[in-house]
Amino acid sequence: MRSYRSYLLGRLPSALLVLLLASVLIFAILRLVPGDPAVTLAGPDASPETVAALRERLGLDGSPPAQYAAWLGSLVTGDLGPSYVVGGEVADLIGDGLGATAELTLGALLLTVLLGGALGILGATARRGWVRAAVRAFTTGALSVPPFVTGVLLVLLFSVTLGVLPPGGRVALLDAPDLGVQYLLLPALCLALPSAAVLGRYLGDGIERALTEDHVRTAVAAGIAPGRLLRRHVLPGALPPVVTLLGMQTGHLLGGAVLVEAIFAWPGLGQLAEQALTRRDYPVVQDLLLLLVAVFVLVQLLTDLAYAWLDPRIRGE
Amino acid sequence: MTASAGTPVDTSASTPGPAAASAPAPRPAAGRRRSPYRAALSTPRGAAGLALTCLVVLAGVLAPLLTGHDPTGQSGQGLLAPGAPGHPLGTDDLGRDLLSRVLYGIRADLGVIAVAVPLGAALGCLCALLAAVHPAADTAVQRAFDLVLAFPGLILALAVTAVLGPGRLPVILVVALAEIPVFGRQLRAGILVQRGREYVTAARVGGTSPARLLTRHVLPNAADPLVVQFAVSLTVAVFLEGAMSFLGVGVRPPEPTLGNVLGQAMPYLDRSPHLAAGPLTAVTLLVLGLSLLADALNRETRR
């Protein structure tokens with residue numbers, strides 16, 4: 001059995017290695033793109049001198065290893081340089097998008113916990129059979145239907161039919177909380193539904209398992225009130241795997257945010273990636289891809305660490 | 001995306017008894033193995049899933065017989081309501097027949113899925129077999145899987161289209177690439193579990209060659225989770241195709257796919273919600289059918 005610290009030290013290098021490999025891969029595939037970005041950017045009528053000047057300004061005149069090193073250097077210093085087409089500094093663009101995406105992801109995470117918790121507890125403890133069946137049907141539906149379908153359905157229901165929520169766009173939550181929440185609700189719900197369904201199922205299964213354990217049955221026999229039974233005896237045993245699952249789902253939420261942003265015109269990193277890709281703005285694409293992968297790897301690492309923290313047996317493997 | 005929790009890997013249920021170790025003839029074993037799939041298809045869940053899937057697949061395959069309209073032909077009458085003469089589902093903003101766009105959209109999706117998922121599954125299984133040969137290969141394959149898995153599905157789609165641009169081929173490539181580590185890990189785990197079992201040890205002691213051990217004993221018993229995974233991956237493929245269309249990096253318009261027909265309905269949701277009805281129904285039925293199938297297979301094979 002290893003200590004927690006040695007487990008941590010063992011996991012870090014492999015996460016860093018994955019990140020490093022991913023950076024090489026991203027750098028390499030963007031160099032595989034046919035056509036010279038400087039030529040494309042300068043336009044068809046540009047003189048060779050203009051193209052050469054542009055190439056130098058964009059840092060495309062060095063050898064590939066030198067360009068790669070310069071890129072890594074820029075990532076360390078945070079000075080990411082100008083974007084080709086979208087306009088402005090890459091760091092500013094990514095900063096703005098990151099704020100919006102973080103808001104959406106955190107909103108969805110909150111909804112996942114609330115909705116998933118409610119579904120799990122309701123599905124496992126409801127007295128009436130039809131309630132359990134309804135919860136099961138709802139989670140099956142939410143799990144199998146893709147987000148772009150739920151997104152369209154949510155807009156049809158809440159924006160077109162009921163007219164209570166806007167169908168897309170964003171007002172920053174910090175600027176105008178009351179208005180911001182209205183814009184945030186639909187995209188966050190669309191993003192959260194599959195994760196909430198997964199969470200609800202795991203939690204429900206965990207609670208059902210915990211209910212059959214001896215110490216819980218003893219507590220039932222002792223006549224402890226249902227609410228207290230759930231809080232003090234059932235949930236503590238059912239929660240640890242759910243916490244791990246939540247970590248994994250956070251990674252999925254980040255990936256899914258890219259799609260949900262496109263559906264609801266939410267100006268986050270996904271929208272920025274879409275713009276940068278369609279306009280072939282490679283500095284933005286390159287930094288953005290690495291950032292998304294880095295966040296995803298970090299979330300996975302934190303999940304592993306949380307799991308090892310909760311369940312010491314894992315560290316020995 | 002939905003694959004993560006739906007099908008936890010558990011191959012323990014498909015253990016043959018001690019009899020299998022000494023069974024000389026593979027035939028009866030093969031007959032016995034086939035049954036969980038049949039049993040799965042005869043449960044209400046499996047039968048409903050199969051029926052829904054077949055319905056949508058048939059609609060796509062028979063598209064040219066079911067509609068006389070060209071899915072990209074513009075009639076000049078835009079946004080006709082459903083039930084208009086000659087256009088049962090109405091027309092879209094450019095006056096194209098919606099029924100034919102949905103049917104040909106299913107067809108396009110099937111075309112992508114039918115190539116991409118088997119390709120990804122085959123490559124993934126090949127990687128797992130490679131990993132089973134030597135510990136060094138195992139490490140290399142594991143790291144490669146980690147690398148691909150570091151790109152969540154849609155980020156991978158963005159990376160691939162950054163190089164190839166939008167189109168049908170990138171969609172196929174993204175789906176296949178995303179499935180490789182999924183199948184690879186599944187099979188690798190299955191092989192490791194089976195290798196540790198007594199019947200394999202018994203066969204090895206009996207002098208079975210490593211190759212025969214793998215193909216005759218280990219692989220057949222590690223296959224069940226792969227069948228379930230295949231059904232799950234089909235839904236993931238529908239999801240990826242649609243998502244890529246929504247992001248503007250999927251199959252190029254005007255060719256219809258389920259994703260881009262639905263995506264093109266988005267700006268008209270408030271005035272003409274009927275544009276979304278056809279693709280919504282088709283995607284939902286297809287995905288629900290495949291999910292039910294996966295669920296039924298999962299229950300029966302883990303029994």
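Helices here are DSSP runs of H or I with at least four residues, strands are runs of E with at least two, and both are numbered from the N terminus. This is a predicted model, in which local features need pLDDT of at least 70 and side-chain atom pairs count only at 80 or more, while totals for chains, interfaces and linings use all residues. Residues are numbered from 1 along each chain as its sequence is written, and chains are lettered from A in the order in which they are written.

**Annotated spans**
- UniProt (unreviewed entry) marks "transmembrane region" at several places in chain B, including 226–249 and 276–297; its annotations may be inferred rather than shown by experiment, and its positions follow the numbering used here, with feature names shortened.
- Residues 276–297 of chain B are 100% helix and 0% strand, with end C-alpha atoms 31 Å apart.

**Where the chains meet**
- In all, 40 residues of chain B are in contact with 45 residues of chain A (contact: C-beta atoms, placed from the backbone, within 7 Å).
- On the side of chain B that touches chain A, α8(B) gives the largest share, eight residues.

**A residue to look up**
- Find B:Val174: setting aside residues up to four places away in sequence, B:Val174 touches B:Leu156, B:Ala157, B:Val160, B:Leu240 and B:Met244.

Technical notes: Two residues are in contact if their C-beta atoms, placed from the backbone, lie within 7 Å.
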